[in-house]
Amino acid sequence: MAVAIAAGRVWRPNRGLSQAAVLLLWRPGARGLARSHRHRQQQQFSSLDDKPQFPGASAEFIDKLEFIQPNVISGIPIYRVMDRQGQIINPSEDPHLPKEKVLKLYKSMTLLNTMDRILYESQRQGRISFYMTNYGEEGTHVGSAAALDNTDLVFGQYREAGVLMYRDYPLELFMAQCYGNISDLGKGRQMPVHYGCKERHFVTISSPLATQIPQAVGAAYAAKRANANRVVICYFGEGAASEGDAHAGFNFAATLECPIIFFCRNNGYAISTPTSEQYRGDGIAARGPGYGIMSIRVDGNDVFAVYNATKEARRRAVAENQPFLIEAMTYRIGHHSTSDDSSAYRSVDEVNYWDKQDHPISRLRHYLLSQGWWDEEQEKAWRKQSRKKVMEAFEQAERKPKPNPNLLFSDVYQEMPAQLRKQQESLARHLQTYGEHYPLEHFDK
Amino acid sequence: MAFVAAAAGCLLRLRAAGAERHWRRFRGVGLARGFLHPSATVEDAAQRRQVAHFTFQPDPEPREYGQTQKMNLFQSITSALDNSLAKDPTAVIFGEDVAFGGVFRCTVGLRDKYGKDRVFNTPLCEQGIVGFGIGIAVTGATAIAEIQFADYIFPAFDQIVNEAAKYRYRSGDLFNCGSLTIRSPWGCVGHGALYHSQSPEAFFAHCPGIKVVIPRSPFQAKGLLLSCIEDKNPCIFFEPKILYRAAAEQVPIEPYNIPLSQAEVIQEGSDVTLVAWGTQVHVIREVASMAKEKLGVSCEVIDLRTIIPWDVDTVCKSVIKTGRLLISHEAPLTGGFASEISSTVQEECFLNLEAPISRVCGYDTPFPHIFEPFYIPDKWKCYDALRKMINY
């Protein structure tokens, strides 16, 4: 009996082969099957056949009871290009970046480091309310940023200031946001380090963790529809990867075929919570295949490894409209924030190891030195110069007034609702009588 | 979730007059008594399932927007979505089961017409749906997300309240997700119980930065939904599911807008102001007739339409005139949106009030199944509250 069956399920071909979804209409003699021999075939639906027919999985039967053992003893290997002394291990993996680019990488990381030191100190002195440093993770920022186009959209978590630094976000604007002064493009509304820049395609940071992940996927979908040839990159930590939003984002990216790079900074801690209390599987990279996502684990302190992985992920994500997951292993040398003292939960020796023996800045410096592109004198001069630049911006930021209190009320909606305008007027009247009790002298009139 | 929704839809269909015809056929065929045979007790009102607690009152055919067509609520939604996707090439519709037409048929035909990249299913994950929608909107494209039942919007609460609502403010207007609209079936349906009947507008009323809109009819729905989609702020559009088939009227085929944050006085009156939204508007309309007939009382009936930002001026102007206010909603009394209206009105119109403001709402319980007829703020409860206000 001729059986004409419209396959109810669109069959997904193997990754790396054609991306076209193949709808199989099986009739005896149909050419479709012959043409699709490289693709996984849906079996003819017949009760005589003993193969599995379940729409939910493409697999063979097995008659031996066996649980899959999760492999956490030797997990997904860590891709690196340089050793801890900054020497290239496998020359064919050297990206051979031009000198200017490598110097830009180095200067971005060191300038960030300098800015971090000064702003951390300024919080301790009560000049700004809060700060988060990027110590130890600078390589993850600049390595990935350097591999992207300048117009690729960035969704961050809060420890990616190096991406902005690499994109030449001015020190003045970093400081303006931390001080909440009149130059802050964010209009003083958020805590320090919640940067955003439309021009540099860096979506404003928000405090809730992992919320940016499904958002980044949506943005990638829109970029795909617009044929923008743009990738979206989404940064998050290994702690944030435990949030439901991360699961949602991964699944949507895979099912909706979005050109997105998920970049996980696995720095060993989520505030005080070590990775052994954050997950029990093989980190974040091992989750990717569970969603059908191409995944890799890299040495996050190796700028070239980060660069190579991001570069290739970008190329393929855009060309093939599929997500890529990069888990960059690194270490959070600093405290979680100025509200944290990490000596309460980890040893100073552990921190020192990473600071001295495996730091992205040192490793790149060794590379630069071995290339003859840098030396002690330039190092001294640059340190002095970068410190001076930061101090100048810092002093200026501190002197500027805060924005007018009217800006408390705008941008809630695109237009100000009548009731909110009434509240704004009520504050204005209140200040007329009680203004002496408010720090009006620091605010723009 | 899809199974329950299909069951819900199935039950809705059974309620229709067709069920009656079905039973009558069996009577004549002489089947054994008791087997699929409507027994005498079915005639007993206590056994028979309840009829609706409201009567949908269509508005007169609109003349100013061109040719009209009779549409029920889900068809008017489809029409609005069709107009949007036609006008705006960036617009996309997504959510659970929207591809085949949706569990309430709101998206029927749209995937075929506009393509699978524009009308598509997402995995079963509300926080993902809304987060994804925000991301689309951040790039400037128009995102129309569907949450299958308002009862399931809570996983997306963080994305709505902490992200969507605050996107523009926190970024200093560098970024926004104004082109996001979330649509969701809302309100009691006769048998929906805890998780297919909720009216969660009060949770979102407390969240500056979003708009919450609830239509009472197909004509209102299309105009309001189009306004939400075009509005430059993230909007939640709740669709009274009990009206999807029950409410039908003439609706313009072409797009048109009904303004947001504007309440509508659908009937003028002088003695008492009645305020409601969604399905409940039809309940209070009937209460207004009852009041006229039995008490000689003239009611001003207001459909609030937008919950936030709400039209304080129209409601206050009315209460200044009448001196009495009754607000009614299905959602539980405590912390329900009637509290906000009541509080504001007593601040603005204190000296005009002739009686305490009355709120006739659902009880402070989860929404029950078998007890629904007792739970809902029906016309008798509203009428009784009105009577007490008049006699205060």
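Colleague: Among contacts in chain B between residues at least 6 apart in sequence, what share joins residues at least 24 apart?

Modeller: The share is 82%, where contact means heavy atoms within 4.5 Å. This is a predicted model: local features need pLDDT of at least 70 and side-chain atom pairs count only at pLDDT 80 or more, whereas totals for chains, interfaces and linings use all residues. Residues are numbered from 1 along each chain as its sequence is written, chains are lettered from A and ligands numbered from 1 in the order in which they are written, and side-chain values use heavy atoms, leaving out hydrogens and water.

Colleague: What makes both faces of strand 2 of chain B count as covered?

Modeller: B:Val92 and B:Phe94 on one side, and B:Ile93 and B:Gly95 on the other, are all buried. Buried means under 20% relative accessible area, with exposed over 50% and partly exposed in between (1.4 Å probe, protein chains only). In chain B, 59% of the 392 residues count as buried.

Colleague: How do you know that strand 2 of chain B pairs with strand 3 and with strand 4 of chain B?

Modeller: Two strands pair if DSSP finds at least two bridges between them. Four bridges join strand 2 to strand 4 of chain B, and three join strand 2 to strand 3 of chain B; therefore both meet the criterion. B:Phe94 stands opposite B:Ala145 in strand 4 of chain B and opposite B:Phe120 in strand 3 of chain B. Strands here are DSSP runs of E of at least two residues and helices are runs of H or I of at least four, numbered from the N terminus.

Colleague: Why is helix 2 of chain A called oblique to helix 12 of chain A?

Modeller: The axes of helix 2 (residues 99-124) and helix 12 (residues 376-399) of chain A come within 9 Å and cross at roughly 45 degrees. Axes are lines fitted to C-alpha atoms, for helices over the stretch in contact, and angles run from 0 to 180 degrees between N-to-C directions. Angles under 35 degrees count as roughly parallel, over 145 as roughly antiparallel, 65 to 115 as roughly perpendicular and the rest as oblique; helix 2 of chain A is therefore oblique to helix 12 of chain A.

Colleague: Which residues of helix 2 of chain A meet helix 12 of chain A?

Modeller: They include A:Tyr106, A:Leu111 and A:Met115, while A:Trp382, A:Val390 and A:Phe394 are among the residues met in helix 12 of chain A.
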